[in-house]
Each structure stands twice: as structure tokens, then as C-alpha cells.
Amino acid sequence: MAGRKGAMRHDDDHEAFDRPRRRTQPRTKVRPTYDDARTARVVTIDRGRYTVHLDDGPLHGGIALTSVKARNLGRKGVVVGDVVHVVGDLTGSEGTLSRIVEVEDRTTVLRRTADDDDPIERIIVANADQLMVVAALADPPPRTGLIDRCLVAAFDAGMIPLVCLTKSDLADPAEVLDQLEPLGVTVLVTRRGDDLTAVREALTGHTTVLVGHSGVGKSTLVNALVPDADRVTSHVDEVTGRGRHTSTSAISLELPDGGAIIDTPGIRSFGLAHVEPGHLIHAFPDLEEVVVDCPRGCTHGAGEPECALDVAVADGRLPEPRVTSFRRIWASRDQLA
Ligand SMILES: Nc1nc2c(ncn2[C@@H]2O[C@H](COP(=O)(O)OP(=O)(O)OP(=O)(O)O)[C@@H](O)[C@H]2O)c(=O)[nH]1
Ligand SMILES: [Mg+2]
Ligand SMILES: [Zn+2]
């Protein structure tokens with residue numbers, strides 16, 4: 001109870017903060033200008049408290065602040081990865097609080113619906129330019145449907161997709177690699193204690209969000225890539241074969257050589273109700289070129305009677321696995337993974 005009271009008191013403080021400074025004009029017309037605001041990035045959120053980093057964050061000499069949302073933002077959401085403007089105490093000293101007064105336009109948003117029938121979409125992360133689907137080759141076993149769905153989400157969001165297949169010490173990656181190959185997506189294979197040079201190279205200079213089932217090794221990767229990350233990891237349940245949902249909130253961590261990696265909680269499914277039909281083809285320029293010859297309203301799916309993709313496969317302009325793989329990931333939208 002005591003903790004709760006403390007939190008209430010802070011909220012009152014922050015209302016007081018928000019009162020316009022100049023009182024000579026009617027209050028409703030005064031819009032604070034926040035000339036003194038600094039730009040920061042949201043790295044994690046915990047019960048209404050936002051940890052934001054000024055400049056590059058602590059690893060690169062910047063400052064970490066605890067912030068609350070200013071009232072002028074109303075119900076506008078603030079998510080991990082957002083670039084925000086903060087005012088108030090910007091020293092980062094213990095016990096200080098700053099306020100987020102503005103959220104900059106997002107370059108990308110990763111959305112997901114809980115499942116395809118769920119109309120409520122949630123933004124998971126803003127401003128990431130890469131999405132790395134993390135899947136274990138065993139323990140828990142790979143579910144290619146989920147990989148496909150995450151790839152659709154990445155393509156739809158205009159993010160560069162990557163796949164990381166973990167636990168290659170436990171199972172052979174050949175089959176999953178074969179299935180992903182025609183998509184032309186970068187696939188990285190890792191194992192316990194591996195040298196992670198290839199992963200590092202793919203991530204440096206980018207902001208990459210990790211997405212995958214619980215227990216696949218997302219936090220393990222983060223710990224190997226970021227010094228002092230200290231992400232808690234936990235074993236996969238021997239009886240159910242499932243992860244334990246060890247990570248419970250998203251957090252963005254700076255990479256030593258530049259860029260950031262965003263660890264997220266394990267997901268059970270990845271709903272794609274928000275994905276526009278026809279949007280995915282933009283991520284496949286070779287196919288997009290061909291479908292200009294499709295009849296109006298063609299979805300380019302396997303059952304389409306006059307789809308130009310079939311003609312292009314028949315006359316050798318497109319490799320059949322490429323078209324089949326495109327259709328598979330598009331069809332994954334209708335399956336629950
Ligand atoms: N054998 C093997 N085990 C691994 C590997 N990578 C991770 N693990 C183990 O897998 C378990 C789960 O790893 P986590 O990093 O906690 O998984 P996570 O994806 O962060 O899980 P959530 O936070 O629940 O979403 C831990 O016991 C890790 O030690 C690997 O390459 N090989
Ligand atoms: Mg984790
Ligand atoms: Zn078509």
C-alpha cells in the first residue's frame with residue numbers, strides 16, 4: 001500500500017508541472033512551447049514509467065532518465081523505440097522524473113493483433129528498421145508457420161527481415177534453411193557458445209527487434225551481444241517443451257559498435273489482421289513486376305485461375321519455389337501459428 005501511495009503523489013507532482021507557466025493569457029490558449037526540450041529515445045516501459053536515453057545512452061556516454069507522459073499527450077501511446085521530447089529534470093540523478101511532452105513521427109511501426117479475428121492491434125515497437133525472427137531448431141521445435149507470419153509482418157512494416165535459427169547444437173538446420181531459401185531472406189544459424197560475428201555484422205548500425213516464441217533464446221542472444229545486458233534467461237520446461245515467458249517487457253539495448261537490439265517477451269502467435277491484402281507483393285519486386293498482367297482483383301494466391309505468376313513460372317521467367325514460397329507466407333495469414 002505504501003508503494004501505491006508514493007506513486008499517487010508523483011502523479012500529482014506531474015500535474016502541477018504541466019500547468020502553463022505564463023498566466024497572463026487564458027489557460028486554454030496557452031500552448032507550452034518546450035524550447036528547453038531534449039530529444040530522447042524510449043528504451044523500456046514499466047507501469048507508466050518510461051526509461052528514456054538522451055543522446056546515445058549510457059554505453060556511449062549519454063544519460064538515462066525516468067519519465068512520465070505529460071498530460072498534453074492525452075491517450076497517445078508511447079512505445080519502446082519512440083523518439084520523444086522530454087522536459088523537467090534531465091540530470092538523470094536518482095529519484096528525478098522528467099516528462100515526455102512530444103512523440104516524433106515514427107519511421108516504422110511493428111503491429112500485431114493477438115490473433116486474426118482480434119480487431120485490436122497493438123504497436124509493439126516503433127522505429128526499428130530490422131525484424132529478426134528468432135526460432136529454435138529444437139527445444140522448442142521450430143514452427144515454420146510462425147516464422148512465415150513474422151516475415152509477413154516485417155515486409156508489411158517496411159522492415160528488413162532476418163531469421164536467426166538458434167540451438168543448432170541440438171538439431172540440423174538443413175530442412176528449415178531449404179524452406180526459407182527461396183524467400184531471399186538473410187538466415188543466421190547459431191549454437192550455444194558460438195562466435196557471433198555474422199549476427200553482429202547483420203545488426204550493427206541497425207535497430208533490430210527480436211520476435212519469437214518463448215524459450216528460443218532471444219535474451220541469450222542479447223546477453224552475448226551486449227555487455228552488461230543482464231537479461232534473465234530460463235530453461236524450457238521439460239514436460240511441456242515450452243518456454244517460461246521469462247522476459248515480460250520489451251527493452252532496447254545499445255550495441256557496442258552502434259545500433260540497438262530490442263528484446264521482447266515470447267509470443268504465442270502473431271496476428272496479422274492489420275496486414276493489407278496486396279501490400280506484401282511490394283517486398284518481392286521480381287513478382288511485383290509480373291503481377292501487373294494479372295486480372296483485376298487477383299490476390300496472386302494458389303487458387304487464382306489467371307494469375308500471371310503461374311504464367312511466369314510456366315515460361316521460365318520466375319523460379320517455381322520463389323512463387324510457391326511467396327504464396328505460402330501469404331497464406332500463413334489465414335492460419336493460426
Ligand atoms: N542448447 C542450446 N540452448 C540454448 C541456446 N540458446 C539459448 N539456449 C537456452 O534456451 C533457454 C531459453 O533461452 P532464453 O534466452 O531465456 O529464451 P527467450 O527467447 O528469451 O525466452 P522468453 O524470454 O521466455 O521469450 C535457456 O535455457 C538458454 O540457455 C543454444 O544455442 N543452444
Ligand atoms: Mg527472454
Ligand atoms: Zn495474380
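**Reading helices, burial and a metal site**

Mentor: Helix H2 (residues 144–157) has 14 residues and spans 20 Å from its first C-alpha to its last, close to the 20 Å expected at 1.5 Å a residue, the expected span being 1.5 Å times one less than the number of residues. Helices (H or I, at least four residues) and strands (E, at least two) are DSSP runs, numbered from the N terminus. This is a predicted model, in which local features need pLDDT of at least 70 and side-chain atom pairs count only at pLDDT 80 or more, while totals for chains, interfaces and linings use all residues. Residues are numbered from 1 along each chain as its sequence is written, chains are lettered from A and ligands numbered from 1 in the order in which they are written, and side-chain values use heavy atoms, with hydrogens and water left out.

Trainee: How many of the 14 residues of H2 are buried?
Mentor: Buried means under 20% relative accessible area, exposed over 50%, and partly exposed in between (1.4 Å probe, protein chains only). Twelve of the 14 residues of H2 are buried, so the helix is largely enclosed by the rest of the structure. Its cover includes strand S6 (109–113), S8, S9, helix H3 (174–180), S11 and helix H8 (320–331), where contact means heavy atoms within 4.5 Å.

Trainee: Which residues of helix H5 are buried?
Mentor: An α-helix has 3.6 residues a turn, so residues three or four places apart point the same way. In H5 (residues 218–225), the buried residues are Lys218, Ser219, Leu221, Val222 and Leu225. Viewed down the axis of H5, they fall within an arc of 155 degrees, so they line one face of the helix; the arc is that of the directions from the helix axis to the C-beta atoms.

Trainee: What are the protein donors of the magnesium ion (ligand 2)?
Mentor: Donors are N, O and S atoms within 2.8 Å of the metal (3.2 Å for Na, K and Ca), and because water is not among the atoms, sites may look incomplete. For this ion they are Ser219 (OG) and Ser247 (OG), lying 2.1 Å from it. Serine 219 lies in helix H5 and serine 247 in the loop between H5 and S12, so the pair ties together parts that are 28 residues apart in sequence. Both serine 219 and serine 247 are buried.

Trainee: Is arginine 47 buried or exposed?
Mentor: Arginine 47 is exposed, with a relative accessible area of 77%, and is found in the loop between strand S1 (38–46) and strand S2 (49–54).
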